[in-house]
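Please keep the sequence and the model in view while reading.

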Amino acid sequence: MCGIVGFTGARSAAPILLKGLSRLEYRGYDSAGIAVLDSGVIDVEKVSGRIARLCEKTKDGAAVPGVIGIGHTRWATHGAPTDLNAHPHLSNDGRFAIVHNGIIENYLSLREELIADGYVFQSETDTETVVHLLEMYYDGDVLTAVRKTAARLEGSYALGILCTDAPDTLWVVREKSPLILGLGVGENFFASDVTALVSHTKNVIYLEDGEIAAITPQRAIVYDCTGREIRKDVSRVSWDVEAAEKGGYEHFMLKEIMEQPAAVRAALAPRIHDGQIRLDDFELTTEELRGINKIIITACGSAYYAGCSGRYGIERLCRIPVEVELASELRYADPMVDEHTLVLVISQSGETADTIAALKECRSRGAKILGIVNVVGSTIAKLADHTLYTWAGPEIAVATTKGFTTQLAVLYLFAVYASEKLGYIDDGRRAALIHELMELPKRIQQAIDMNFYQLPGLAKRYSSQSLFFIGRNTDYAVALEGALKMKEISYLHAESYAAGELKHGTIALIDEGQPVIAVCCNEAVCDKTLSNIVEVKARGAKVLALAFRDNRKIVSQADDVLFIPRIETVFTAALAVVPLQLLAYYAAKEKGCDIDKPKNLAKSVTVE
Ligand code: M6R
C-alpha cells in the first residue's frame with residue numbers, strides 16, 4: 001500500500017524521485033520521503049502529509065544534491081503517519097537507507113532481538129528492523145547483507161536500498177510486493193509501478209519473488225535468492241506517459257470515466273475475429289468446459305461487484321452454477337473446491353493481498369485459476385494458470401471506474417464464449433450477442449452524453465447523509481457498485497439493497513425526503529422494482545431512477561430519471577453503472593472532497 005522509487009544516473013536524483021512519487025501517490029498518501037546519497041553522506045528528507053509538502057520542503061528537490069536516491073510514499077500500517085515513521089529509514093551507522101512497500105510480519109521478534117543487540121530505533125515501523133538487519137549482516141558485501149537480511153524476513157516486501165559504500169548502486173529485493181526495474185540510457189530506475197517509469201523509459205524488467213537486483217547507471221544485474229546471477233527478459237510498456245496524466249480533466253476519476261468507451265473497446269475488439277470470440281491463452285475444448293461443474297468468482301471491493309454482475313450472465317448463458325465470494329472470506333471458508341472447479345480471480349491491480357490468498361487457497365485444492373487482471377505482470381497475473389488482461393490502461397484514481405467496466409466486458413466475453421462451446425446458443429444468438437457486445441463502447445458513450453449535463457444538479461439534489469441504492473438481479477449488482485462509489489469518494493453513507501428485501505426490515509428507515517436511487521434496467525424484474533419504488537414513495541422517499549430510455553412507466557413513478565440506451569439484458573451493468581459513477585463524482589465534488597485520493601484509502605490493498 002506504499003509506493004517506492006529509485007534512480008541512479010548523472011542527473012539530479014531528487015526531482016526525479018519526487019516526480020516518480022507523485023505518480024505513485026495513489027498507492028498511499030499519508031507521508032513521504034526521499035534519501036539521496038552525495039559525497040558519501042545520505043541526506044534523508046521526510047514529511048507527514050502529501051508529496052506537495054515534501055516538494056515544498058526540498059524546493060522541488062533542488063535543496064537535495066546527488067545523482068542517486070530512493071523515495072517513498074506511505075499508507076501507514078505500523079505507526080501513525082508522522083515524520084519519524086515516514087520512510088526512508090537509516091541504519092544507526094548512517095551507511096544504509098531503505099524504503100519498503102509491504103509488511104514485515106515477524107518485526108516484533110526482530111525488533112526485540114535488535115534492541116538486545118544494542119540497535120536504537122527511531123520509529124514504530126516494521127520497516128526499521130530491516131535497515132538494522134542490513135547493518136548487522138554487512139561485512140563489506142552488500143549482496144550478502146541483502147540476502148541474509150531477506151532470509152530473516154517474513155511477510156511481504158519490495159525494498160529499495162542505498163549504501164554509502166556503493167555510491168552508484170541501488171539494491172532492491174522483492175517478495176510478494178510489486179517491483180519493476182526501468183532501463184534508461186546511462187541511467188536506471190526502480191519503482192512499484194510502471195506509471196513512475198514511463199516518462200523515462202518503456203523498457204522494464206518485472207522482478208519475481210525472491211529476486212534481488214543491483215542497479216547502476218550502466219546496468220541492472222538480477223540475482224536469485226542464492227546470489228546466483230540470472231537472465232531476465234526486458235518487456236516493453238505498451239502505453240504512453242499521457243495515459244497516466246490528467247489530460248485536461250480536473251480529476252483522474254473523471255478522465256477515467258470518460259475513457260470507458262475506449263477502454264471497453266480495447267478489452268473486447270482484439271478478442272473478436274470474424275464473429276468468433278478468441279480468449280488469448282484461455283482456449284478451452286468443449287470437453288474441458290464440460291468437466292467444470294462449478295465456477296467460483298472471487299475478488300474484493302468493486303472487483304467483487306463485477307463478479308456479482310458477471311455471475312448472472314455466466315449462469316444464464318452457460319448453465320454452470322456460479323458462486324461469488326469475497327476473497328477475504330473465501331480464504332478462511334474451507335472452500336468446497338476441486339479440480340472440477342474453475343476459479344475466476346478478478347483484480348484491477350493484481351496485487352490485492354486477500355485476493356492473492358484466496359487464489360492460493362483454491363489452487364491448493366486443485367482448482368484451475370483464470371485471472372482477470374488489468375496490471376500487466378502483476379502477482380495475480382503471474383500466479384493464475386491463465387490470465388485475461390482487461391487492457392484498461394493505467395487507472396490512477398483510487399475509485400475504480402474503467403477498471404470495473406473492463407472487468408465486466410471480459411466476463412461477458414467469457415460467458416458468450418463458454419455458452420457457445422457448451423452448445424447453449426446457436427450461431428444466430430451468438431452473432432446477436434457479439435453484435436451487442438461490440439455496441440457496448442458506443443452505448444457507454446451515449447450513457448455519458450444522455451445524462452452528463454443534468455448529473456451535477458441531480459448529485460446536489462440527492463446528496464444526503466444517507467442514501468439507498470436498490471435494484472434486483474443484475475440491477476442489484478449495479479446498485480452495490482453505485483453505493484460503494486458514493487461512499488468511497490463523497491463520504492456519504494450509502495446502503496445498497498436488493499429491492500425485494502426492503503420490506504423485510506429496512507423500509508422502516510424510509511422517511512420523508514429519504515433519497516432512494518432505484519436501478520431499473522433489467523426488464524425481467526423492472527415491474528417488481530417499480531412496485532418497490534411506489535412503496536418507498538408512499539413513505540415519503542425521493543426517488544431517482546435509472547432505466548432504459550424508452551421506459552415510460554418509470555417517468556410516471558420516479559421523481560427524476562437517468563436514462564441509458566437499450567442493450568442486451570446480461571450486459572446492462574456496464575452501461576447502468578456509468579451514470580452512477582458520475583453521480584458519485586459530482587456529489588463528492590459538491591462536497592469539496594479529495595476525489596482521486598479519498599481519505600483512509602489506497603489504490604492497491606496489499607494488507608490482509
Ligand atoms: O485492485 P483490485 O481490483 O484487486 O482492488 C479491489 C478493491 O480494493 C477495489 O476495487 C476497491 O474497492 C476500489 N477502490 C473501489 O473503487
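The sections below describe the domains, a sheet, the nonpolar cores and several individual residues.

## Basis of the model

The model is predicted, so local features need pLDDT of at least 70 and side-chain atom pairs count only at pLDDT 80 or more, whereas totals for chains, interfaces and linings use all residues. Residues are numbered from 1 along each chain as its sequence is written, and side-chain values use heavy atoms, with hydrogens and water left out.

## Domains

The protein chain is divided into domain 1 (3-240), domain 2 (252-449) and domain 3 (455-591). These bounds come from an automatic or database domain assignment. Between the C-alpha centres of domain 1 and domain 3 there are 46 Å.

## A parallel sheet

Helices (H or I, at least four residues) and strands (E, at least two) are DSSP runs, numbered from the N terminus. Two strands pair if DSSP finds at least two bridges between them. In general, strands of a sheet pair through backbone hydrogen bonds, either parallel or antiparallel.

In this model, an open sheet is formed by 5 strands in the order 24-23-25-26-27, with parallel pairing. Strand 24 (493-498) and strand 27 (560-564) are its edge strands, each pairing on one side only. From one strand to the next, the twist averages 20°. Axes are lines fitted to C-alpha atoms, for helices over the stretch in contact, and angles run from 0 to 180 degrees between N-to-C directions.

Strand 25 (residues 515-520) pairs with strand 26 (residues 542-548) in the parallel sense over 6 bridges. Within this pair, Val516 stands opposite Val543. Helix 17 (residues 523-538) packs on the sheet and touches strand 23 (466-471), strand 25 and strand 26. Contact here means heavy atoms within 4.5 Å. The direction of helix 17 makes about 165° with that of strand 25.

## Nonpolar cores

A nonpolar core is a set of buried Ala, Val, Leu, Ile, Met, Phe, Trp, Tyr and Cys residues joined through side-chain atoms within 4.5 Å. Buried means under 20% relative accessible area, exposed over 50%, and partly exposed in between (1.4 Å probe, protein chains only). In soluble globular proteins, nonpolar side chains tend to be buried together.

The largest nonpolar core has 134 residues, and those with the most contacts inside it are Ile295, Ile314, Phe414 and Leu440. Helix 19 (residues 572-591) supplies the largest share of this core, 14 residues. Apart from it lies another core, of 31 residues, among them Leu134, Tyr137, Tyr138 and Leu159. Leaving aside neighbours within four places in sequence, Phe414 is in contact with Leu279, Phe282, Ile295, Ile314, Leu342, Leu344 and Leu370.

Which residues of helix 5 (residues 142-152) are buried? They are Val142, Leu143, Thr144, Ala145, Val146, Thr149 and Ala150. Their cover includes strand 6 (96-104), helix 4 (128-137), strand 7 (155-163), strand 8 (170-175), strand 12 (212-215) and strand 13 (220-223).

The N-terminal end of helix 5 is capped by Asp141, which has a side-chain oxygen 3.1 Å from the backbone nitrogen of Leu143.

## Two buried residues

Gln581 lies in helix 19. Gln581 counts as buried because its relative accessibility is 0%. Not counting residues up to four places away in sequence, Gln581 touches Met253, Ile257, Gln260, Thr401, Thr405 and Lys485.

Leu388 belongs to strand 22 (residues 386-389). Leu388 is also buried, with a relative accessible area of 0%. Beyond residues up to four places away in sequence, Leu388 touches Arg271, Leu279, Asp280, Phe282, Leu370, Gly371, Ile372, Val373 and Val410.

## Backbone features in loops

Most residues other than glycine have a negative phi, and most peptide bonds are trans. Arg319, although not a glycine, has a positive phi of about 55°. Arg319 is placed in the loop between helix 9 (301-318) and strand 19 (322-326). Arg319 counts as exposed because its relative accessibility is 56%.

Trp391 is not a glycine either, and has a positive phi of about 50°. Trp391 lies in the loop between strand 22 and helix 13 (402-421), and is partly exposed, with a relative accessible area of 38%.

His87 and Pro88 are joined by a cis peptide bond, with omega about 0°. Pro88 is found in the loop between strand 4 (68-74) and strand 5 (89-90).

Notes:
Polar contact = N/O pair within 3.5 Å; in protein donor to acceptor, adjacent residues only side chain to side chain.
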